[in-house]
Structures are given as C-alpha cells and as structure tokens.
Amino acid sequence: MKEMIKRLVEAYGPSGHESTIGAIISEMVRPHVDELHTDALGNIIALKRGTGSGHAIMVASHMDEIGLVVTWVDEKGFLRFAATGGVSPVTLVGGRVRFANGTLGVIGWERWMRPDAGTRRPEMDELYIDVGATSRETCPVGVGDACGFVRPYEEFGTRLVAKSMDDRIACAIAIEVLAGIGSSPHDLYFVFTTQEEVGTRGALTAAYGIEPTVGIALDVTMVGDTPKARPMAVSLGEGPAIKVMDSGMLAHPGVVRWMITTAEAAGIPCQREVLLGGSTDARAIQTSRAGVPAGCISIPCRYVHTPSEMVDFGDVEHSVALLKALLTGPIAL
Amino acid sequence: MNLQAFTQARGVSGNEGAAREVILKAVQDHIDEHIVDALGNLICHKRPRRPAPEGGRAPRIMLAAHMDEIGLIVTGINSDGSLSFGKVGGIDDRVLVSKQVLVGESAVPGVIGYPPIHLIPRSERDRAPDMTKAVIDIGATDKAGAEKLASPGDYVTFRGEWAELDPTGQRTVMAKALDDRAGCAVLAELLQGDYAVDLYAVFTAQEEVGTRGARVAAARIAPDLAIALEGTICDDLPRLPEDDTSPVTRLGDGPAITFMDRSFIADRRLLNLLLRVAEAKGIPHQFKSAVAGGTDSGAIHVTGGGVPSITVAVPTRYIHAPISMLSLKDLDHTVQLVQAALYALEGGLPS
C-alpha cells in the first residue's frame with residue numbers, strides 16, 4: 001500500500017487540473033470495478049455493483065490538491081500567481097512547484113533579505129515564481145497554468161509525510177478498500193472528486209448524477225496534539241476520526257452512530273471529531289437533490305495545507321478496516 | 001445601437017422588467033421562442049439552423065448575460081423627507097458620495113447628499129466617507145411629502161448618461177450598467193447569426209446578488225456547455241506604468257477570457273478552444289489576469305451533473321461604480337470570438 005501512496009501523493013493535480021492524477025487513479029481502480037466513467041467536471045466515478053437490495057453508497061475522496069495558478073508573466077519571465085484553495089503565503093517562501101508540463105519553479109519573496117523581512121509576513125502579491133526563464137517570450141508556462149508543490153514522500157517510522165496527504169491518502173484508502181472488499185450487498189460508488197479545495201464543486205455534481213442513499217467523504221482532519229496547538233480532541237495514531245460536525249456540515253446522527261458502533265464491534269480504534277474550520281465533500285453530498293444522509297471518516301493529519309502533511313500509517317490501516325466493515329455489513333440509520 | 005438603449009434601461013437586481021423589455025424587443029426577430037421564468041430570467045431559444053456535422057446531435061449551448069445592474073433600495077422614509085437606503089450588489093461606499101439617482105418606477109430624481117468640504121475636519125479628509133448615515137435627498141421637506149414620491153422597497157438606479165468618446169480610436173463609450181449590459185449587447189448581436197447548435201440565450205436576473213437567476217435557468221435548460229458573457233474589471237487606468245504585476249485587463253486589448261475566478265475554474269477544453277479560434281481568426285484577446293470576482297459560470301457549472309463552462313468578458317473600467325467605460329472595439333471582438341467559438345462547437349466539445 002505504501003508504494004501506491006507514494007505514487008498518489010507525488011502526482012500532480014491542483015484543483016481544476018486533475019486529469020493526470022485522474023488517469024493514474026483510473027488505471028489503479030479499473031481491474032476492481034464494474035463501471036468507470038468521468039463526468040462533466042472531471043470526477044472519476046467507479047461503480048462496484050452490490051449483490052442484493054442494499055444501499056447506493058457514494059464514497060468520495062478528492063483527487064485535487066491545493067496549488068497556485070499563474071496570473072501574469074512579467075517581462076523578465078517571473079510569474080505572479082493566485083492560490084487555488086486555502087494556501088497561506090507563510091508556507092510558500094523558498095518552496096518549489098511543478099507545472100503540468102514538468103516545468104519546475106522556486107517561489108521568491110520581493111522582501112527577502114530586506115531589513116523588515118524578519119518582522120512581517122509575506123503577502124501573496126509580494127511573491128513570485130522563478131522558473132529559470134529570462135523573458136516573457138521564453139517562459140515555458142503562461143497565464144492560467146497551474147502548479148502543485150514538490151516534496152518527496154517520506155516515512156518517519158509510522159508517520160508518513162507528503163505534500164498532498166490532503167486528500168491523496170484518502171484516495172489510497174478508497175483504492176485499497178476497493179481492491180480487497182470482495183462482495184457487498186450495496187452498490188458502491190467510489191468517486192474521486194475534483195475541485196474540493198475550491199468549494200466541494202466536483203462532489204456536488206457527482207452526487208447529483210449518482211443519487212446515493214448514503215454518502216461518505218474520506219478526508220484528512222486537523223489535530224490538537226502538536227506543541228501549543230489549538231485545542232482539538234483528535235490526535236495522530238489514535239484511529240480514524242468520525243466526524244460529528246465541521247464548519248460546513250452536521251453529520252447525519254444515524255451515520256455517526258453506524259460508524260462508531262461498526263468500529264467498536266470490529267475492535268477498530270476511533271475518535272470523534274468536531275472541526276471548527278473547513279469542511280469536506282460530505283457537505284456537498286448531504287445537500288444534493290432532496291438531501292442525503294452523509295458523514296465523513298477523517299484521517300488525522302498534522303500540518304494540513306502545508307507542503308509537509310503528516311499522517312500515521314496505523315490510522316490509515318484502521319481507516320481501511322473501518323471502511324471495509326461499513327461497506328460490507330447491513331445499514332440501519 | 002443596442003448597447004446604448006440597454007444601458008439606459010433601469011434594472012436593479014430583482015427588478016429587471018424594464019431592461020428585459022428593451023432586450024426582448026431587440027432580439028425577438030432572431031429567436032424561435034422565449035419564456036420569462038419564475039425568477040425573471042429571459043430565456044430565448046434558437047434552434048439549430050443547419051444540421052450538425054456528420055449527422056451528430058447539435059450540442060445544447062447556454063449563453064448567459066445578466067440583465068441586472070447594481071443599485072440601491074429604499075429602506076425607510078425619514079421625518080425630514082430624506083430616504084434611507086441599502087445597497088443591492090457590491091458597491092464601495094466611496095463611489096456613492098454626491099451621486100445622482102433615480103428613485104422608483106416613476107424615476108424621481110435625487111442625490112446622495114454629503115457635507116461640503118468646508119464642514120469636513122482636516123483630519124477626516126483623507127479617510128473614506130462613513131456612508132452608514134447617508135440618505136437620498138429627493139427635495140421633499142417632510143415625511144408626508146416624501147411618501148408621495150417614494151416608498152420603502154423602491155429600487156434606486158444611478159444616473160449615468162451615455163457618451164461616446166474617442167470615436168476614431170478605441171471607440172470608447174461611457175454609461176451606467178455596462179456590467180453587464182455589455183454582455184447583453186454581445187448576446188443580442190450573436191443571436192443575429194445562424195448556428196448548427198441548439199442555442200439558449202439567457203438574459204439572467206439577480207447575478208449581482210449571487211448568480212441566482214443563472215442557477216435556475218441552467219437547471220431548466222440542462223445545457224451541454226455554457227459561456228457567460230460579462231463586463232469585467234479593467235484596471236489599466238489609473239496605474240503605475242512600471243508595475244509589471246498582474247493587471248486584470250487592459251482596455252483595447254480584446255475580450256478577456258477567464259481561466260479561474262472566485263466562483264469557478266474554467267473548463268480546459270473550452271479555454272483551449274477559445275484560444276485556438278482567437279489565434280486562427282486573428283482576434284485580439286487577453287486573459288483576465290486575476291482570480292477575482294464571480295460570474296454566472298459559477299452557478300451554471302455545478303448545475304445538475306455538471307456543465308463545462310467559461311466566461312468571456314468585455315474589459316470595463318470602473319465597474320460597480322455609477323458610471324463605467326469600455327471600448328466598442330473590445331465589444332466587437334468579443335462578438336467575433338464567441339461567434340467563432342460557436343461555429344467551432346457545432347460538433348460538440350472537443351475532448
């Protein structure tokens with residue numbers, strides 16, 4: 001599984017530019033599903049048919065990652081940019097990026113080494129990308145091109161670190177479950193969604209098309225276990241977090257109960273999650289059409305939306321076990 | 001010229017009737033049928049005029065331009081005869097001071113009063129005015145007098161007469177409501193052409209308060225793809241000449257193509273198609289070089305199972321102010337670009 005994780009987290013795929021990561025995921029899931037298609041917004045929808053009269057379950061993991069999009073190429077070939085998704089300028093200075101065509105870049109700050117650089121934080125419009133070009137004409141990328149961050153995947157003992165654990169780790173969990181699940185009474189729609197980071201836009205249209213009777217998002221969540229962290233009752237290594245609420249969604253109480261009792265019955269450690277900032281694809285699924293009971297399994301993650309997002313492999317394995325148990329048993333909400 | 005008549009029609013979000021009438025009159029001879037839906041969208045249908053190439057199905061294309069303009073709404077009548085007001089759509093307080101307005105259906109003239117410079121303390125002169133207590137003065141001297149002229153809920157438009165400047169150069173024009181009567185004028189022009197596409201030209205309502213009209217129109221039409229036509233930010237004046245960083249658009253450089261704004265990310269296939277036809281036909285064009293603002297594409301692209309969408313806009317200086325400015329050359333080039341795209345889309349969206 002770690003090899004698959006490495007391949008997924010190192011792939012390119014900022015919001016709106018998911019075709020490369022989409023092709024990788026399609027290739028991984030194709031042997032395990034009955035139907036596979038891509039919708040108008042680029043969502044990859046993989047259906048594994050159930051054996052009986054179960055539910056239609058949508059399991060959403062988003063393929064897109066936060067990134068930057070070029071807004072201007074100046075005369076000397078430096079690029080100005082805007083964020084795709086929640087990117088803090090604090091995480092950018094000195095970072096490296098890669099574009100769809102392979103072009104690499106370094107992020108510079110106009111104020112670097114100036115006397116006041118130590119006392120203020122960078123603003124987005126003071127930053128630029130240097131791709132080594134010397135003029136606008138010879139710059140290998142242009143306005144509208146998007147880039148993702150470059151960081152190798154690393155393992156620190158049981159901790160895994162990468163640029164896009166959010167949310168490729170969930171893609172890996174979904175694929176692992178899909179490959180090993182055997183039969184299920186339910187029709188399982190594994191959806192690898194687009195444009196989550198800019199407002200859960202892919203999940204919105206995918207849910208409309210699928211009309212699921214139950215929705216589950218798989219996503220990372222923040223933790224409260226680092227030095228002087230904002231208090232939050234989720235820690236790395238204590239199992240998947242069952243979302244009760246975040247700033248965009250109140251999980252369906254029946255779904256929360258189903259997840260917790262299933263975890264307890266299977267002896268899988270889990271935590272309850274209340275997240276004060278951010279939301280997931282579950283928000284879009286829940287309010288699709290006439291409404292869908294929805295919830296979210298969260299993978300605890302440190303340093304979310306930085307180029308070094310950290311998860312615990314034990315949490316990943318327990319998330320696989322929990323999702324598998326949920327998708328193969330009967331459901332009473 | 002359609003644009004002149006369109007800009008002078010009064011149609012603040014939620015009250016687009018007068019603008020709709022003027023637009024319908026301009027387009028009715030070029031469409032097969034039209035409806036006005038529950039939210040006030042004017043939905044015009046023009047069936048394919050030629051069979052689709054190679055016997056394929058003609059794609060259903062939605063073109064959207066919003067009829068509504070930013071403005072004000074009367075919230076109360078004061079004992080001194082003045083009118084309290086709220087803003088409809090995004091308006092910076094700084095542009096309101098001393099502007100002339102027209103109130104209600106009968107277009108009662110008024111002014112947004114503000115103390116003269118003599119009474120502004122020196123310490124406050126370099127600060128934005130506090131418009132929370134500003135009122136509209138319609139010349140009434142007491143409540144009863146004002147009540148004869150206006151009522152709470154009356155919509156208020158800015159006065160922004162049409163003027164033509166630089167007629168032999170950029171063909172610049174100035175008027176209120178160029179955002180988005182410019183898009184409406186482009187769309188009206190496009191309707192005069194014949195296409196092998198199933199065309200739904202929608203003049204949308206309530207864009208300025210959250211793309212509300214486009215959402216329900218797209219749900220009704222369920223298009224295969226959509227193009228929103230807009231007037232967009234143009235910040236080339238005033239601007240420091242040495243500042244080589246992300247201008248949004250420049251007047252006279254052609255239609256602005258959006259790759260991403262706050263409401264949506266453009267479909268790459270449509271983006272590449274627009275760039276391709278612009279190059280092939282030698283139509284000047286530019287990117288909207290900032291991720292700012294939102295358009296009807298934001299609502300349309302997440303309708304139903306999803307709709308590939310893009311926005312093409314006429315660069316417009318001073319948008320969301322009582323008066324704005326654009327180049328008719330840019331407007332003509334916008335018509336040419338979208339027309340060329342419609343021809344290129346006759347076989348559907350390329351993969």
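I take helices (H or I, at least four residues) and strands (E, at least two) as DSSP runs, numbered from the N terminus. This is a predicted model: I read local features only at pLDDT of at least 70 and side-chain atom pairs only at pLDDT 80 or more, while totals for chains, interfaces and linings use all residues. Residues are numbered from 1 along each chain as its sequence is written, and chains are lettered from A and ligands numbered from 1 in the order in which they are written.

**Entry 1: cis peptide bonds**

I looked up chain A. The bond from Asp166(A) to Asp167(A) is cis, and its omega is near 10°. Asp167(A) sits in helix 3 of chain A, residues 165-180.

Then I turned to chain B. I found a cis peptide bond from Asp179(B) to Asp180(B), with omega near 15°. Asp180(B) belongs to helix 4 of chain B, residues 178-190.

**Entry 2: positive phi**

Where is Gln195(A) placed? I found Gln195(A) in the loop between strand 12 (187-193) and helix 4 (201-210) of chain A. Its phi is near 55°, a positive value in a residue other than glycine.

Next I checked burial. I call a residue buried if 20 or more other C-beta atoms lie within 10 Å of its own, exposed if 12 or fewer, and partly exposed in between; the C-beta atoms are placed from the backbone. Gln195(A) has 30 other C-beta atoms within 10 Å, so I noted Gln195(A) as buried.

Ala177(B) came next. Phi of Ala177(B) is near 60°, positive in a residue other than glycine. Ala177(B) lies in the loop between strand 11 (172-175) and helix 4 of chain B. Is Ala177(B) buried or exposed? Ala177(B) counts as buried because 29 C-beta neighbours lie inside 10 Å.

**Entry 3: a hairpin in chain A**

Two strands pair if DSSP finds at least two bridges between them. Strand 4 (residues 67-73) and strand 5 of chain A pair in the antiparallel sense, over 6 bridges. Gly67(A) stands opposite Thr84(A) of strand 5. The two strands form a hairpin with 5 residues between them. In the turn, Gly77(A) has a positive phi of about 90°.

Strand 5 of chain A covers residues 79-84. I noted that 5 of its 6 residues are buried, so strand 5 is largely enclosed by the rest of the structure.

**Entry 4: where the chains touch**

How many residues of chain B are in contact with chain A? I noted 17 residues of chain B in contact with 22 residues of chain A. Contact means that two C-beta atoms, placed from the backbone, lie within 7 Å.
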